Amino acid sequence: MTQDEMKKAAGWAALEYVTPGTLVGVGTGSTVNHFIDALGSIKDQIKGAVSSSEASTARLQQLGIEVFDLNEVGELAVYVDGADEIDGSMAMIKGGGAALTREKIVAAVADKFVCIVDGSKTVEVLGAFPLPVEVIPMAREYVARELAKLGGRPVYREGVVTDNGNQILDVHGLKITDPKGLETRINAIVGVVTNGLFAERGADVLLIGTPEGVVRKGA
Ligand SMILES: O=C[C@H](O)[C@H](O)[C@H](O)COP(=O)(O)O
């Protein structure tokens, strides 16, 4: 079974968490693209979606799914998204696709976060995947110096501009023993828009695509 087939299995399994007649929060990335395709198969049964990126919006609309502005809707029942890493406490590193800020916003208004991954994304300790940090462009080098003081090695993701017009620093070499504490600490650096630690608001349900089938954790 290929990695993409495992992502697809997890993406389609997430349909179970979609309630007919509701709006669905939709994340970003190659795993979520499978979920979007799955949503397309039931598009007449849902009200529409709230999207976390221009890329997901385009894919949703291509399938005929209406995309709503978050400011025009209330709470969402469910948010479905992938992750770059997820640990046993359901804390995640996200933002490999630079969509972390809008993802964190949509996740914040959802009752339930359903994380969909292939088996390579589950880890004991977060941090082997470089931690993405979205920064206001003029603050990039200042933020990089502050991140270095925390023990990381920030690398500017050259050529990438986020949907919000900002830049990304990928922080290598962090030992993330306290995900919630580090999430709060990095967000307190002036010029940081968001960091890719989703620990304060982790996942509620984890669907892992494996060669033996989809493994579920949480409820
Ligand atoms: O910014 C991107 C998102 O956080 C993605 O959810 C994450 O990078 C996982 O993406 P993929 O499903 O492509 O591995």
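Visitor: How many Å separate the centres of domain 1 and domain 2?
Guide: This is a predicted model, in which local features need pLDDT of at least 70 and side-chain atom pairs count only at pLDDT 80 or more, while totals for chains, interfaces and linings use all residues. Residues are numbered from 1 along each chain as its sequence is written, and side-chain values use heavy atoms, with hydrogens and water left out. The chain is divided into domain 1 (3-124 + 200-218) and domain 2 (131-194), with bounds that come from an automatic or database domain assignment. Taken over C-alpha atoms, the distance between the two centres is 24 Å.

Visitor: Which side chains meet in a salt bridge at 2.8 Å, N to O?
Guide: A salt bridge here is a side-chain nitrogen of Lys or Arg within 4 Å of a carboxyl oxygen of Asp or Glu. Between domain 1 and domain 2 the count is one salt bridge. The side chains that meet at 2.8 Å, N to O, are those of E183 and K104.

Visitor: Which helix gives the largest share of the side of domain 1 that touches domain 2?
Guide: Helices are DSSP runs (H or I, at least four residues), numbered from the N terminus. Nine residue pairs, both at pLDDT 80 or more, are in polar contact between domain 1 and domain 2, a polar contact being a pair of N or O atoms within 3.5 Å where, within protein, one must be able to donate a hydrogen and the other to accept it, and residues adjacent in sequence count only if both atoms are side-chain atoms. The largest share of that side of domain 1, four residues, comes from helix α4 (residues 100-108).

Visitor: Which residue has an N or O atom in its side chain 2.7 Å from an oxygen atom of the ligand?
Guide: For the backbone, a polar atom of G95 is 2.8 Å from an oxygen atom of the ligand, and an N or O atom of A98 lies 3.2 Å from a ligand oxygen. The side chain with an N or O atom 2.7 Å from an oxygen atom of the ligand belongs to K121.

Key:
Helix = DSSP H or I, 4+ residues; strand = E, 2+ residues; numbered from the N terminus.
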